[in-house]
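Subject: Structure for you to look over

Hello,

Here is the structure I said I would pass on, with its sequence. My notes on what I found follow below it.

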Amino acid sequence: MTTELLTDITIFVLALLVGFEVISKVPATLHTPLMSAANSIHGIVLAGAMLIAVTANNALGYILAFVAAAFAAMNVVGGYVVTGRMLKMFHRARTPVPAGNSPAAVSGNGQAPAGSAPARGQGGQA
Amino acid sequence: MSAFDWITQLLYVAAATCFVLGLHLMNSPASARRGNQVSTAGMVLAVATTLALVIHAGTVSATGWIVMIAGALLGGGVGLYAARTVEMTAIPQLVSIFNAVGGGAAALVAIDDYVRLASGGVAESTTVTTILDVLIGAVTFSGSIIAAGKLQGLINGAPITFPGSRAANIAAAVIGIGGGIYLIATPSVVVLVIIILAALAFGVTMVLPIGGADMPVVISLLNAFTGTAVAMAGFVIGSWALIIAGALVGASGGILTKLMADAMNRSIRNIIVGGFGTGDTQAAVEGPGGDVRSIAADDAAIQLAYAQKVVIVPGYGLAAAQAQHQVAELAALLEERGVEVSYAIHPVAGRMPGHMNVLLAEANVPYPQLKEMDEINPEFPRTDVALVIGANDVTNPAARRPGNAVSGMPILDVDHAKSIIVIKRSMAHGYAGIDNELYVNPKTSMFFADAKSALTGLTAAVKTLVG
């Protein structure tokens, strides 16, 4: 067993523990964006795909490098964009919707600055 | 270590730090967007550093550059297009596809490494992680594609079994593991191809028999697999950035798998071995019989409009009918009349963890109104009307009694509300395949309709009757 492998295992275990600690604090409301964000993070395998290209010198190597780069890039770009799209929709308060309240007009617009609007749903209980 | 190596390693540490901070910022919806940006910055840093490394190495051939850049542009373009155009109801499929390509890329990294080194003999420590990477990555790849196919409806969502499917699954596992052990001792590209095929077959035969209702668990589990595969790829190419990122994802997928399995009251093993109703279907347990009371839109609208507190319980039926905008519109109308409206979200409402929250957020529902199960359950006794839309098993009071398919499953205490309106197309069973006792509760009225048309009708009725 080499020192390098031992170091790698140490880093793996500690990162796993950090992951458990950080992720157990994410509320259920955000579990889908969380998984999508985690998804984009494992797109770092793109770095590995790029390193394949460094040593590729025959057809098989080039094919592997091409497919790996395509897969990983799809993972990274798609993951971050879709996570961003989802998170943009979470608002503390109902954002003003153009008159008519048409559902079609709801998607994708209106970015209320988080925390700037008063919390709703507090009254009417007493 | 040269100065260049030092700098690149430190940049990778910085990237890993960004990933951890990014995940940390996801602990609240208010900071989550910043979290995603921090994480993206970390990724840009990691890729830029790798690019610098590749250029510094100076060994990349012209073809190598073309192949790498063309692959990245193609993949990036497809990913961007898919991410921009996907419907929020289809997010689980997309996440599943991203799991597939992530796991696939990790497996390819290991395959390339092995093929290249096979001729010159492979160091033993590397071989173990290489084989693990190939196996886990290939299982994730095929399993995630099947999961995405089921979610998209291209493959029947019901548990699919065929004669000998269990045996095929076990055989694939044995060949994969046995071949892997053989490979550690004796490098052989032929055996490598065999274990890749075995791992792909294992992924397919693992996910096919799993039913649609168990998808939240399956996606989480495959997510954990992808993370592990990427971490193994990090071992193979000696990259701490990959090891850390992979471990973080593995932890995330692991936690979500556990949470989903708990929310469905099932062990992970039980889910993998077979879905509801595949074998040991017991005779339906006779619930307390009773008459079903149906209600029309006008009466339901009056009940809702004159309530003080309404809790909406959305289930998959709401998502399937794409009625999240209609429910938000009704809720907004009720709020204008001073009714207190909140949403009770069961952990498995939807097709992946937290899916329902995203659908409602898309429909412009403020997230403070989205209540988790533990938070909302104590509020049901002072709820005037619980409006159940397309949710079934997660509201069945039979779960509190032993001896039936949902026993012990954590449920929303909808039956504690003063009155209950259930919007449902028919009296059909949920995934557990048993009668829902909530429907025969004297406090319950059934509104038989499709979620979308029912909600549109209710909104119109509230407007005309009391608006």
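Strand E4 of chain B is mostly covered, with 5 of its 5 residues buried. The burial holds on both faces: B:Val385, B:Leu387 and B:Ile389 lie on one side, B:Ala386 and B:Val388 on the other. In a regular strand, side chains alternate between the two faces of the sheet. Please bear in mind throughout that this is a predicted model.

E4(B) has a partner on each side. It is joined to E1(B) by 5 bridges, and the two strands run parallel. Within that pairing, B:Val310 has B:Val385 of E4(B) as its bridge partner, and B:Pro314 has B:Ile389. Another 5 bridges join E4(B) to E5(B), again in parallel. There B:Ala386 stands opposite B:Ile420 of E5(B).

These strands belong to an open sheet of 6 strands in chain B, ordered E3-E2-E1-E4-E5-E6, with parallel pairing. Strand E3 (370-372) and E6 are the edge strands, each pairing on one side only. Neighbouring strands of the sheet are turned by 25° against each other on average, direction ignored. Helix H14 (residues 355-362) of chain B packs on this sheet, where it touches E1, strand E2 (340-345) and E3. The direction of H14(B) makes about 145° with that of E2(B).

B:Met446 lies in strand E6 of chain B and counts as buried because it has 20 C-beta neighbours inside 10 Å; the cut-off for buried is 20 or more. Leaving aside neighbours within four places in sequence, B:Met446 is in contact with B:Val292, B:Arg293, B:Ser294, B:Ile295, B:Val422, B:Lys424 and B:Tyr439.

Helix H11 (residues 297-305) of chain B has B:Ala297, B:Ala300, B:Ala301, B:Leu304 and B:Ala305 as its buried residues. Seen down the axis of H11(B), these residues fall within an arc of 130°, so they line one face of the helix. An α-helix has 3.6 residues a turn, so residues three or four places apart point the same way. The cover over the buried residues of H11(B) includes strands E1 (309-314), E4 (385-389), E5 (419-424) and E6 (444-448) of chain B, together with helices H13 (324-336) and H16 (451-466).

At the other end of the numbering, B:Ala16 is found in helix H1 (residues 3-25) of chain B. B:Ala16 is buried, with 26 other C-beta atoms within 10 Å. Neighbours within four places in sequence aside, B:Ala16 is in contact with B:Ala241, B:Ile244 and B:Ala245.

Now to chain A. It has 4 helices and 0 strands, giving the pattern α-α-α-α along the sequence. Of its 126 residues, 52% are buried. Among contacts in chain A with a separation of 6 or more, 52% are between residues 24 or more positions apart.

What does each chain bring to the contact between them? Chain A puts in 94 residues and chain B 108 residues. On the side of chain A that touches chain B, helix H1 (3-23), H2, helix H3 (45-55) and helix H4 (59-87) each supply at least two residues. H4(A) gives the most, with 27 residues. By class, that side of chain A has 58 nonpolar, 28 polar and 8 charged residues.

The axes of helix H2 (residues 31-41) of chain A and helix H2 (residues 29-57) of chain B come within 10 Å and cross at roughly 10°. That crossing makes H2(A) roughly parallel to H2(B), since angles under 35 degrees count as roughly parallel. H2(A) makes the contact through A:Pro33, A:Ala37, A:Ser40 and A:Ile41, and H2(B) through B:Ala32, B:Asn36, B:Ser39 and B:Met43. These residues divide into 5 nonpolar, 3 polar and no charged.

Regards

Definitions and conventions. Residues are numbered from 1 along each chain as its sequence is written. Chains are lettered from A and ligands numbered from 1 in the order in which they are written. This is a predicted model: local features need pLDDT of at least 70, side-chain atom pairs count only at pLDDT 80 or more; totals for chains, interfaces and linings use all residues. A residue is buried if 20 or more other C-beta atoms lie within 10 Å of its own, exposed if 12 or fewer, and partly exposed in between; C-beta atoms are placed from the backbone. Two residues are in contact if their C-beta atoms, placed from the backbone, lie within 7 Å. The arc is that of the directions from the helix axis to the C-beta atoms. Two strands pair if DSSP finds at least two bridges between them. Axes are lines fitted to C-alpha atoms, for helices over the stretch in contact, and angles run from 0 to 180 degrees between N-to-C directions. Angles under 35 degrees count as roughly parallel, over 145 as roughly antiparallel, 65 to 115 as roughly perpendicular and the rest as oblique. Ala, Val, Leu, Ile, Met, Phe, Trp, Tyr, Cys and Pro count as nonpolar, Asp, Glu, Lys and Arg as charged, and the others, Gly among them, as polar.
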